[in-house]
Each structure stands twice: as structure tokens, then as C-alpha cells.
Amino acid sequence: MSDLYVQHIDGYGTVRVRPLDPEGDAEVIHAWVSDERAAFWGMNGLTRPQVAGIYAHMTTLDTHHACLVTKDGVPVALFQTYEPSADRVGECYDVRPGDLGVHLLLAPAGPDGPHRGWTGALLKALTTYALLGLDRRRIVVDPDVRNAKAIDRFVRHGFRRGPAVVLPEVDLPEVYLPEKHAQLAFLELAVAFPE
């Protein structure tokens, strides 16, 4: 699959964003979403075929997209973008033209353990892709209210806390999402890239 976005960051490496291959990437994605640290992602306990099926369904949608992010060729994150007006989060805040919802699941740290500044550099590349590459005015994230680490990471990166909300349950034949208590946060284009 061809890359949607490529950015080289001095001292960090080359970040590439490409569409997720539901079958080809299923092994790595299933390992990430099954890990205890990914409990807030909501896929713990799902089988590899179930995870592949969820992402195969997502490829049929025009409003939701899943991407695999690599750093120097190594998978490092699952990055999902979506239109808030076509998602349950759109029922919980005043959606503006130019908004883009994102979900980010980082891969577990490698054998060398965590590296200082690594997540910040990756988040900078992904927000650059979302705001400039996709020509958006604002990003919205909706981490679980209990996921203090993710909320803090977004705030340190310039996101402004919005309201804590309850995302309604989604029960469709193609997908089931339980009710979620979420902390909304927003990153404006003008904050990320001041003139």
C-alpha cells in the first residue's frame, strides 16, 4: 500500500502513515489491542479474526479510516481518523466545519524500553498529517476519562481540555461499542501552527 504521509524528523527518524491492511496487519494490531495496557481501546478479549473483521468493515466507510504508522519501517502506532459528525462523539459536542476526530494507539515500547521525547515527536508528525496533510482546522480526541496518561500527553502537546462526556452505546450488526465516559480535548490549527 502506498503511503498517505511521510515526514522525516531530525534526530528521530522517518514517520510513514499508510492505510491499514486489515488482513496483512492483523497479527501486529491484534497483539497491540489485546495487551492489558490497551484496555481503554476496548478490544481486549477479541480474537485476531474479530479484530481483522472490525478493520475490514472500517475500510467500507467513507467517514472512518484506520492507518498503520511506522518509524524507520517499524510499526509504531495505529492511527484512526473520522468525521465527528458521523460518529457518536458528534452527539456530545458542537461539531465545527474542519473538525477531525482521531484515535491513537501506540505500540508497546521495544526491547530498549521507552525513549524520552519519542511520543512527542510521533504525535507532532501525526498532528501535522491530520491538520496540514488533511487540511483540517481542529482535531478532537476522546480518551477514556480514566486514561490519565493519554489525557496528559494530549494536553502537553497543546490540546485544550473540553468537557467530560458520555459517548452513547452503539449496537449495530457491524459494530458494537459500549457506553464510554470520555474526556474531550481539542487542538486548533492556529495553536499547533501559529503564524
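I traced an open sheet of eight strands with mixed pairing, in the order β1-β2-β3-β4-β5-β6-β10-β7. The edges are β1 (5-9) and β7 (160-167), each with a single partner strand, so one side of each has no neighbour in the sheet. From one strand to the next, the twist averages 25°.

My ground rules: this is a predicted model, where local features need pLDDT of at least 70 and side-chain atom pairs pLDDT 80 or more, while totals for chains, interfaces and linings use all residues. Numbering runs from 1 along each chain as its sequence is written, and side-chain values use heavy atoms, without hydrogens and water. I took helices (H or I, at least four residues) and strands (E, at least two) as DSSP runs, numbered from the N terminus; two strands pair if DSSP finds at least two bridges between them.

Pro19 has Cys67 in β3 as its bridge partner.

**Helix α4**

Which residues of α4 (residues 148-156) are buried? I noted Ala150, Ile151, Arg153 and Phe154, with buried meaning under 20% relative accessible area and exposed over 50%, partly exposed in between (1.4 Å probe, protein chains only). Down the axis of α4 they fall within an arc of 160° (directions from the helix axis to the C-beta atoms), so they line one face of the helix. On the face turned away, Ala148, Lys149 and Arg156 are exposed. Just after α4, I found Gly158 with a positive phi of about 110°.

Conventions. Axes fitted to C-alpha atoms, helices over the stretch in contact; angles between N-to-C directions.
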